[in-house]
Amino acid sequence: MEQGDVDELLGALRAAPSSAPPKGMSTETLDQVIGALRDLDGGVAAAEVGNAIGASRVTARRYLEHLADSGRVVRRVRYGSRGRPEILTRWRECGRLPTR
């Protein structure tokens, strides 16, 4: 078992997330981000989500971080040969452990 697995299991024990997004975020954009995550296969980067919904990478990243903080998505890091690592996000399927 890896730290990500432990984090995901503990995240499932948190209280159910509020349906309302935090101040500064719109419900409509949050719904679009969720829809994009469900439509895109596997882990996706913020830039891909932004392209899918017509928003910037930074906007998509803020919404993805909110979803991760509320335990609704699973994140993992992809390391390339150069540059910064890329954070990939995928929608968490209720009651299922992550597949690797």
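**Salt bridges and a surface patch**

Modeller: Arg61 pairs with Glu65 in a salt bridge, with 3.2 Å between the closest N and O atoms. Keep in mind that this is a predicted model.

Colleague: Where do Arg61 and Glu65 lie?

Modeller: Both sit in helix H4, residues 57–69. They are four residues apart, about one turn of the helix.

Colleague: Is Arg61 buried, exposed or partly exposed?

Modeller: Arg61 has 35% relative accessibility, so it counts as partly exposed. Glu65 counts as partly exposed too, at 31%.

Colleague: Why would such side chains pair at all?

Modeller: Side chains with opposite charges can pair when their charged atoms come close.

Colleague: How many salt bridges does the structure hold?

Modeller: Two. Arg78 and Glu86 also meet through their side chains, at 2.2 Å from N to O.

Colleague: And what about the accessibility of Arg78?

Modeller: Arg78 is partly exposed, with a relative accessible area of 41%. Glu86 is partly exposed as well, at 29%.

Colleague: New topic. Which residues make the nonpolar surface patch?

Modeller: Val77, Tyr79 and Ile87. The patch covers about 330 Å².

Colleague: Which strand is Ile87 in?

Modeller: Ile87 is in strand E2, residues 86–91.

Colleague: Why does Ile87 count as partly exposed?

Modeller: Because its relative accessibility is 44%. Partly exposed runs between the buried cut-off, under 20%, and the exposed one, over 50%.

Notes: Residues are numbered from 1 along each chain as its sequence is written. This is a predicted model: local features need pLDDT of at least 70, side-chain atom pairs count only at pLDDT 80 or more; totals for chains, interfaces and linings use all residues. Side-chain values use heavy atoms; hydrogens and water are left out. Patches are made of residues with over 30% relative accessible area and no salt bridge: like charges are joined within 9 Å, nonpolar side chains (Val, Leu, Ile, Met, Phe, Trp, Tyr) within 5 Å. Accessible areas come from the Shrake-Rupley method with a 1.4 Å probe; for residues, only the protein chains shown count as cover. A salt bridge is a side-chain nitrogen of Lys or Arg within 4 Å of a carboxyl oxygen of Asp or Glu. Helices (H or I, at least four residues) and strands (E, at least two) are DSSP runs, numbered from the N terminus. Buried means under 20% relative accessible area, exposed over 50%, partly exposed in between (1.4 Å probe, protein chains only).
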